[in-house]
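Trainee: I am new to this structure and would like to go through it slowly with you. Could we look at it together first?

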Amino acid sequence: MSRPATTRSRKAPDRVWQRMLSGRRLDLLDPSPLDIEVDDIAHGLARVARWNGQTLGDHAFSVAQHSVIVEFICGELEPGLKPFERLMALHHDAAEYVIGDMISPFKTVLGDGYKSVENRLTEAVHLRFGLPARLPAPLKRLIKRADHICAWFEATQLAGFSTGEADKFFGTPPDGLEIELQPEAPTRAQAVFISRHEALLAAMEGRT
């Protein structure tokens, strides 16, 4: 006796895009600059915790706060930076509004796949705001140095590192540079990030 024919269920294609609160759908494999909005970036970064949330305070210390401070440090190290360079510094971790802030050891475990996605997202962010797709090498080195300096202050003030430990992993900050960190509520961190973005964009476009 023959069995009735059955219809095979088709597996839905894997979703590789994320819907943003702006309504945009951002394709992670092929991100379009047209799907990038600063409000989405700021909203996401203000809710992504540095140090996997293992920091002191009533709020997590967010990537949005970190980004604003790194841009500030870049300006302290190189006062002659142009607005577009400072805007690139502000957005140095912008991809993390989609992929989160993974601690360095885990990035090492994931390898090139993570870096590839991160690079595509970063390039899309740059193009969206009229910036070079890739960081010029000198600016990349400056941002890395500022990032390490900021991490030193975060480590010693918020994440429980001793000064000696922080010196070992991040290097010693330059003399005379003092930064006092205070984790902020996400809405505040988001607003400060957007305000700084808009100020730099206006300066870059000659509107100030």
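Trainee: Is C150 buried or exposed?

Mentor: This is a predicted model, in which local features need pLDDT of at least 70, side-chain atom pairs count only at pLDDT 80 or more, and totals for chains, interfaces and linings use all residues. Residues are numbered from 1 along each chain as its sequence is written, and side-chain values use heavy atoms, with hydrogens and water left out. Buried means under 20% relative accessible area, exposed over 50% and partly exposed in between, with a 1.4 Å probe and protein chains only. C150 has a relative accessible area of 1%, so C150 is buried.

Trainee: How many disulfides does the count come to?

Mentor: A disulfide is counted when a pair of cysteine sulfur atoms lies within 2.5 Å. C74 is buried too, with a relative accessible area of 0%, yet by the distance rule the number of disulfides comes to 0.

Trainee: Is α7 roughly parallel or roughly antiparallel to α8?

Mentor: Helices are DSSP runs of H or I with at least four residues, numbered from the N terminus, and axes are lines fitted to C-alpha atoms over the stretch in contact, with angles from 0 to 180 degrees between N-to-C directions. The axes of α7 (residues 137–157) and α8 (residues 163–170) come within 9 Å and cross at roughly 155°. Angles under 35 degrees count as roughly parallel, over 145 as roughly antiparallel, 65 to 115 as roughly perpendicular and the rest as oblique. The crossing angle therefore makes α7, relative to α8, roughly antiparallel.

Trainee: Which residues does L201 touch, leaving out those up to four places away in sequence?

Mentor: L201 sits in helix α9 (residues 186–204) and is buried, with a relative accessible area of 15%. Taking contact as heavy atoms within 4.5 Å, the residues that L201 touches are L87, F129 and R207.

How values were computed. Helices (H or I, at least four residues) and strands (E, at least two) are DSSP runs, numbered from the N terminus.
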